[in-house]
Amino acid sequence: MTKQALREDCKQCEVCGFDCYLFAVTCECSSQLVTCLEHARTLCRCSNDSKRVHYRYSVKQLRALSQQVEQHYELLTQKISEKSFDEEHR
Ligand SMILES: [Zn+2]
Ligand SMILES: [Zn+2]
């Protein structure tokens, strides 16, 4: 049994403590060290070839997500403008 499995829920950057929920960088030299993308260089002294970026979502999923957010935002702003339109006419 190896203890290589990282607990998905507690990935935090070693340097800044940022919650690496979406992106996490790890290195072959340690299964414990995790950093955010910004601090990948300070993770350890290994070359970038040894480091891996883990995505919680694929880029495709992220795009779909951001589209959903955009649509939601549009709906929200539409509602707000409709509301203020109504109020102007009262
Ligand atoms: Zn960081
Ligand atoms: Zn390393």
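This is a predicted model: local features need pLDDT of at least 70, side-chain atom pairs count only at pLDDT 80 or more; totals for chains, interfaces and linings use all residues.
Local features need pLDDT of at least 70 and side-chain atom pairs count only at pLDDT 80 or more, while totals for chains, interfaces and linings use all residues. Residues are numbered from 1 along each chain as its sequence is written, and chains are lettered from A and ligands numbered from 1 in the order in which they are written.

Colleague: In what order do the strands of the open sheet stand?

Modeller: Strands here are DSSP runs of at least two residues, marked E and numbered from the N terminus. Two of them pair if DSSP finds at least two bridges between them. The sheet has 3 strands with antiparallel pairing, in the order E2-E1-E3.

Colleague: Which are the edge strands?

Modeller: An edge strand pairs on one side only.

Colleague: How many bridges join E1 to E3?

Modeller: E3 covers residues 51-55 and runs antiparallel to E1. Alanine 24 stands opposite histidine 54, and threonine 26 has arginine 52 as its bridge partner. The number of bridges joining E1 to E3 is 5.

Colleague: Why is E1 largely enclosed by the rest of the structure?

Modeller: Count neighbours: a residue is buried if 20 or more other C-beta atoms, placed from the backbone, lie within 10 Å of its own, exposed if 12 or fewer, and partly exposed in between. E1 holds residues 23-27. The strand is largely enclosed because the buried residues number 4 of the 5.
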